[in-house]
Every structure is written in structure tokens, then in C-alpha cells.
Amino acid sequence: MKWKFLLMPILLMSLIGICYGENITVELLPGNIEANIGDTLNLSLVVKNVPEDGKCGGFDAKIYYDSNILNLSNIQLSDIGGSADLKNATINPTYGFISLMWFSNLPYGNITIATISFKALNPGEANIALRDTAVVNGSSIGYSYKNVSTYPATVVIKPNLNITNLSMGTPLYRINTPINVTITNNGHADTNRSFSVDLYADSNKVGSITLDGLNVGESKTLTFNWTPERVKPYTLVVVVDSENMIPEEKEDDNRVVRNVEVIEEPIHIKISPSASTTDLDSTFTVNISLCDVDHRRPVKGVEGVLTYDPQVLTCTNFTFLLNATENLENITFENGKVIFKIMGGEINESGPMAKATFEAISIGTSEVKLEGTNVSDKEGHLFNNVTLNQTTITVKGPNLNITNLSMGTPLYRINTPINVTITNNGHADTNRSFSVDLYADSNKVGSITLDGLNVGENKTLTFSWTPERVKPYTVVVVVDPENVVCEEKEDDNGVVKNVEVNPITTYLKLYKISQDNNTIRAGINISNIPGERPVGGYDIYIKLKNLSVINVNSIGNNNWSLSNNTLFITGFNFSKSGEFTLANITFNVTNVTNTTYSAILYKDKVFLSDTDGYSFQKVILENEIVGTIKNIKISPEIKNFINTMNLRIVGDINITILDIGNLNDTLEVPIPNESMVINITNETIENINKTLEAAEEIKDMEIENLSDVNNTVKKIADNINPILASNFNITNVTKGEPKKVNDKVLSTISFEAKNTSKKGFAIVRIPIGNMNIENITIDNGTNIIILKENDFTNKIGWYRILTNGVLEITVIKDPEINVTLSAKLPDSPNGDSGSSGPDDDSSGPGGRSSILRDPYPDVASGIKSEKIKEIVHKSKIIVGSEIDGNLSAKGLKTTLDSTDKLLEIKEDCILVGGPKANPIVKKYLWTFSVKVTNEYPGKHRGVIQKQIINGHAVILLAGSDRWGTKAAVEYFKTLEDIPDEPIFVEWRDGKAVKINKP
């Protein structure tokens, strides 16, 4: 009693005190506790932020709580609390009481008063509050702090229902899908109250399952049965305790959402004939089977139409093989059709459904297939995903087929032989005569009759066609157009080929023969006139400047006249072909004080005609008689180096020819723009000299092995020189590693010629020494084009090989240039070409041994079969697309041939890429049994097939896209030999796999 009496002044002072408390707080820590029943909970009673200048002289507080949930079991004063001069701590069934007073050593700052212990009794949420709280300062008067904040603690002892798993198989249309849902009480108290778990598909309730309580840590797995009614995406929602029957620690984790896609598994109806070929008047059966039937969704009804060609087959019987109610079966025979329907008991497994019996009544081929087919389940719902196959029945007989249609490039008014190969690839000989007709557009070119053809026999016929116009033509070949021969197939008797008829390119050149003072002798030369179409007439106009005409001698019945500085020469009644001189002209310089003169063929007034009077439609003019060339400026210090300067006008390109006398060399400069001025300086001559010197050094380099070739090509690449360039930069010079191919070693040098304006040119010289040129290709960003020697009509460029071991490349457009060089290695003593070098693997006595050489060094190492290696080694790999080359074809061989031209097949080859990417595939696709398109055989799918074309073995590796082509190439590399029938493949999961015919 005395102790309580002494504490009373604290309470009195707290009632009258007016000391402000700043930010003093009284807290129970931790503020939130989750506990299990039976746990003992310890909370710290803490006073915070007591000011140092005021200190704490006394403390009073009552602790309130829910005694149904918690039991206050202990109040343990802290060291600071226990050091108070006056103190009291009472455990009361309703609340606890703590009162302290310090007379010395007054605390401040953050003070822990006591640890208060509770025991968890029952589920619920209890709030432990502080009331009547007073904090007194340490002055002698003992004023209490005002505005002291108190913070209670909350104890939660509740269950918590949570969905810890939602699992199912792939949901299938109209098939029960079990959905497993696991519910767990991961709270801190059991619950014995019932609650529901509901499943929804979209907004429709699938089902509800009730649970009679759940203990702490307990889990229960429930199974819902869901039968999807539609093929579509669904949103599945599981909700536990949707009516909030259970007070829980959390109410926001009672729901799980899952998006799923409902599909329908296909059901297959398969047609299986007892034989794919049959004799005339014989019978065979066709089984119709239900496949991939799911017992969870039994089949009840099937209806459809079995169709066939009634000209070839007749159906003599149709029988169901299923048990069904008799009056629910229906079979109707019509011409070329069997209409059937069956509705009966449940069909729970795959198996035969019906059998049809056919008789072969005529030679031919008939498809047997199903149409209008419906399959329903036991509840009458249709299967929406029914797949069907079809089969082809051949009644044995002959079959006439066009296996080859080939020709050279058709030229206007020149006879073009067209070779057509007819094969009997049926099952019987024919001794009946039939015709083979050839049409160009709708005009018949000719007809040839064959007196029968045995099985496996083929005959090649040659038609002669002289195109009458320069245009695209459609060439059509039809075998047996009157259907004299009864064949297995009648739909493969025609072949269509689109060809482009072009004019023959002829050349007419006006050039200077000699000059004696003011007299100039000139000639007109004609070249590239085919023997099949000789020249028989001409009209030529020549524009003259500062020239008069003394005499003209020309061939045929001729005449000439001069008017307004224009010389006109005409002639007829002769026949000439090949290359010949048309006329010799003697000019006189009119004004001797003016050295500027010219004689130029009029571009649109030169006409050549053949002996039948038809014009040659493409005549390329070359002019070399020009007095002054204004575009070329010669620096004074090198004028003595230039002997003569002539102009060659080839088509639309003016080429200035400079004779560099002291170097025994010529420089041919294209002028792509009339306003362009080209400066020939001492630097030009120095660059020419530098290349010549490098060429002499390279000539002296020995080439005996791969290492020597590598060093030589490196020397060549280091000395590539732009001799003369206007608006062009030469960059990115690289060299490839040398590769041995047969008796030669190949290596490639590449560089870019970048055009910095719309008009320009570059002349690049490469010292090649004794190396040979295999080919030069240019990549203009769209196509890979083969560059030709002295092809001045090419609007991209051309090349010349100079006699001093120098290659000169002239480019007008903006290409990437690839030069493939070759060298032949000397024969070794054992007869092999080449000798051991750093790249050879040799060992044995004296450092030399017999080396086992790879017979196919150019074939990729990924090919294992010796047979396939030999085929690849002997075949030319032809691509039309750089993508197919890099992605696929380079996996076959080190050397590839790229083309954008419709070239003739003249050797064994492997064609890589479809008809869109590879022009040769486009040209010859008609010869292959599988016609590859962008749609067939389909995305990422390809085909491997073989054909004989022009007497050569041709393998096609092609796909509907680049990945289909890659699949064909990669699967081809795994074969042991080439099969006779096409192989279909697909690029799947990063590899090529074989598939059935789509």
C-alpha cells in the first residue's frame, strides 16, 4: 500500500502537467504478429524520443486486450524499468498496469520499459491497446508531456485458404477434361466451418465442391470435370470461399485465373486399296477405316460420298463392317459415286468401317476419294476436324509422257531445233501410231508421228522452229492429241514452256585503216552474222565533220551519195555471214588547218537486212574516227607518253582509247556522262607502272603447293590498284583460302567498288602474273552476274586480260566484285598433282610418306556417304540466290555457281532453291514430278528429286521457302544414294526430318 501511495504524485502531476511532448511515442513492438494457438507472444513496451533536456521522471499505462483470444501471462520489467525507485507491474484479467518513477539516473531517448508476454488461446484478431498513458518529465515539479502518441499491437490467429495448384491435361473439344485444384490452409488456425470451391469457364460455372473445414498446413485436391463446348480460348477461374464464410488472414489470394486453348483432336478416315495398280477386268477392294478414335468421345454416325472415275472403274459392292441398326444404314450407288450413311452403336476405337469392291473396266487412272464426309459423336455433335486421304488406282496400260522439252536460246528468224523426248512410262506397250504436235502460241509448228512405243522406251524428236517475231512465246507440246492410244493417264500429255525470243546482236564498226597526210582510209566491218541468216542488204548513214569523200567501195549492188555532210551508202543482192568488211572509204581532210575531224555512224540510221529482206533488230555501232575528245584532259608532263587517242562509241557508251606508247599499253576509259571531264595525270602512269612491276614479280613466284598459292594470292590482293576512277571508291579488299579442286587450286579475291554519285566509273588493275581467271562475278545487290571479257555493251562493266599478266576490270555501276583465280600444281613423282607443303599431313622415314589423299577435297565434310560425295564432287552446284548459297548450298561444296540467267543444262548439276530464287529451276521445273511453289509442299518444307535433263543427271533440292530448301540440302547430305521417288522433308526444331507427301 505504501508503494502505491508513493506513486500517486505521478498521477497528480500528470493531471496538472503542461509540458509539451514534442514527438514522444509509446509503442508495443512488434506491431503485427501472426500466431498459432498455444504460442507465447512477447511484446516490448517502448517509449521513444524522450528529450534529453526533459528526461523521463515517471511512466504510467494500462494494457487492454481480448481475453477470449489472448491471456496476459507475464510482465517483465527491463533493466531500465527495474532500476526505477518506485515501480509497479500488475497482471489483471482485464488489463495489465505498469507504473514507474525515477528519482535519480533519469533516462531519456528510447527506453524499453518492459517485456509483456501473452499466450494465444483461440482463433481471432486481437488488438492490444495502451490507455491512460502518461510520461512525466524529470523536473522537481514533474509535469507530464502532452500529445504523447501511442501505437497498439495486433495479433492475428486465423486460417488462410489458398489455391496452391491448378492443373489439367490439354483441354479437348467435347471430351471430359479433369481439372485438379489443390486447396491449402497456410494460415495459423484450423477451420471447421464448411466452405465452397467454385470453377468457372469464362463466366459459366463448371462446378462447385464443398469442403468441411481445413486444418493448418492441410491440403486437399479436388477434381472438377469440364467438357468444353467450343473450340476457342477459355479463361478458367477458381474461387475458394466465394461467400466469405471463413474469416481469413488474407482475402485477396482466394482466386486463380488460367488462360487455356481448347482444341479438337483430328479424326482420320483412311482409304486403303488392296492394290494401287490392277489389270483390266480384274477386281480389287478399298478399305475405309476410322483412325484416331478417342474412347472418351465415341463415334456414332458417319456419312459421306466415295467417288471414282466411272470411265475407268465401277463399284460392284459396298459393305459396312460396323455393327449398326439395320434401318439406320443407307447405301446408294450412282455413276462414279457411292453415297453412304450409318448411324448405330458407339464406336469406341479405331478400325475398319466399310469395304468397297471395284472392277477395272478401262485402261486409265482414277482417284478414289471421299467427299462430303460428316462424322458425329454419340450426342449428335459433328467432329469439325476430320482429315481424309485419297488413293490413285491405275489400270495397267501404256502411258505416253513428255519427259523432256529442250532448246537453245531462240533467236529471231533463226532456226531453233526443239528436242522433245516421249516416254512410255506405263505398264504396257502400244503399237498404235500417234502424233506429237508442237505449237508456238496458237500456231502449229509441226507434227511428227510415232509408230508405237514399248514400256520404258523413249524417243527424242526434233522440231524446227523459226520465230517470226521478237517477243515472249508460249511453246506447247502435245502427245497423242487425238487420243488414239488408251493411256493410264491422259492429263500428262502436254508440256508448256514460256520462252523469250531475242534478236541476234550484230556489230558494225567504223574504223581508221591508215592516214597519209590529209587522206584517210577507213573501213566498215560487220561481225556476228549467223550462217543461218546471212546479210543481204544495208543502208548506212555517216555524219562527217571536216571530211570529204573521195571514194566508197562496198559489197553487193551498191550506191553512195554525199549531202549536207552526211554520207549515205546502200547495197543489196549479196549473201554474207560471220565477220567481213562491208565497205572501204577514202576520206580527205577538208580544212588542213583544223585537225578536228570525225566520221560517226548515225545511231538510228543504220539498217541491216537478211537475204529475205527482214531487218536485224539489234545492231551495236562502234565509232573510232573522232578527231578531238573533249572529255579527256592530258596533263602537260605526260603528253609525250600518249601516242594516239581514239573514240569508240559502243551503243550508248563512249569509250576513249589511249595508246600509251612507251609502256606498250592501252587505257580504255568509259565516259558515262557527257559533262564529265577525266584528267589523265602522272599519277595514272605511275599506277600503271606499279601494277606492271607487281605482275613481273608475281610471275617469278613459284607455285608448287597450297602454301605457294596462298602467298601468291596474298601478293596479288596487296597490289590491287584503281588506275583511274571518277566518283568511285575501292574498299574492303579480302582474299579467300585456297582450295584444291581436282588438278587445280582455286582462290578468290573480293573487293567493293562504291559509287559515290549517279554517274561514274572505275578502272581497277590486278597483277595476276601466271594465275588464270576462272570467273569474275559481280553482286549488284539484287543479282549475281557473271562478268564477260570485252563485253562493252554491258551497262555494269567488263574486263580485259592484258598480255603482261595484268587483269583490268572496268565498272560503271555499284557492285561487289569477286575474282576467282586458279593455278595448276605440278605433277608429283607418284602421278598426283601437287607436292607436299605446309598443308599436307605427311610423316615417315625421311619426312616423306605415301599420303592418303581425299578424292573429294571440294566436298563438305558433313557428307558421309561415298556415293553422295561422288555425286556432289562431279556435279556443278547452281544457286540463284545468295541467301540459299550462304544458308544451304555452301554446306555441300566449296565452289558454287550463281546465276540470274536461264542457262542451258550441259552437265550433271545440283540445283539449290525454288523457282522464285533459282532461274534454272524455274526453266526446268516442268520436267520434275513435284512442282515446287511458294505454297507447296508448304512452310519450312522441301523436296529432293532427280531427273535426267539433256542427258545429264540433275538433282533438285528446293523448298517453298529458304528453310524448306535448307531442309532438302541437309537431309540430302544424310542419304546413302539418290532414290527414284521424291523425298519430302521439313525443317523442324533446328534439323531436317523426312515427312510424308503433303
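How do the residues of the lining of the second largest pocket divide into nonpolar, polar and charged? I took this as the opening entry, with the reminder that the model is predicted.

**Entry 1: the pocket**

I counted 14 nonpolar, 19 polar and 13 charged residues in the lining of the second largest pocket. I noted a volume of about 1,500 Å³ for this pocket. I then looked up which of the 46 lining residues are the closest to the pocket centre, and found Asn401, Asn425, Lys489, Asp492 and Ser929. I also listed the elements that give two or more residues to the lining: strand 29 (364-377), strand 31 (390-395), strand 32 (400-407), strand 38 (494-500) and strand 67 (941-949).

**Entry 2: strand 31**

I selected isoleucine 393, which is found in strand 31. Is this isoleucine buried or exposed? I recorded isoleucine 393 as buried because its relative accessibility is 0%, and the cut-off for buried is under 20%. Leaving aside neighbours within four places in sequence, I found isoleucine 393 in contact with Pro273, Ala275, Ser276, Thr278, Phe284, Leu313, Gly364, Thr365, Ser366 and Val368.

**Entry 3: strand 32**

I turned to strand 32 and found seven of its eight residues buried, so the strand is largely enclosed by the rest of the structure. Which strand is joined to strand 32, and by how many bridges? I found seven bridges to strand 33 (residues 416-424), and the two strands run antiparallel. Within this pairing I noted isoleucine 418 of strand 33 as the bridge partner of methionine 407.

**Entry 4: the nonpolar cores**

I looked up the largest nonpolar core, which has 38 residues; Leu70, Ile98 and Ile113 touch the most other members. I noted the strands that each supply at least two residues of this core, among them strand 2 (25-29), strand 4 (40-50), strand 8 (95-101) and strand 13 (153-157). Strand 9 gives the most to this core, with six residues.

I then examined isoleucine 98 on its own. Not counting residues up to four places away in sequence, isoleucine 98 touches Leu45, Phe59, Asp60, Ala61, Ile63, Ile75, Asn88, Ala89, Ile113, Ala114 and Ile116. I recorded as well a second, separate core of 35 residues, which includes Leu508, Ile526, Tyr538 and Val606. As background I noted that in soluble globular proteins, nonpolar side chains tend to be buried together.

Conventions: Residues numbered from 1 in each chain as written. Predicted model: local features only at pLDDT ≥ 70, side-chain atom pairs only at ≥ 80, totals over all residues. Heavy atoms only, no water. Core = buried A, V, L, I, M, F, W, Y, C linked by side-chain atoms within 4.5 Å. Buried < 20%, exposed > 50% of the residue type's maximum accessible area, 1.4 Å probe, protein only. Helix = DSSP H or I, 4+ residues; strand = E, 2+ residues; numbered from the N terminus. Contact = heavy atoms within 4.5 Å. 1 Å grid on protein atoms, 1.4 Å probe; cavity = no way out; pocket = protein on both sides within 12 Å on 5 of 7 lines; lining within 4 Å. Points joined across faces, edges and corners; volume = space filled by probe spheres on them. Nonpolar A, V, L, I, M, F, W, Y, C, P; charged D, E, K, R; others polar. Pairing = 2+ DSSP bridges.
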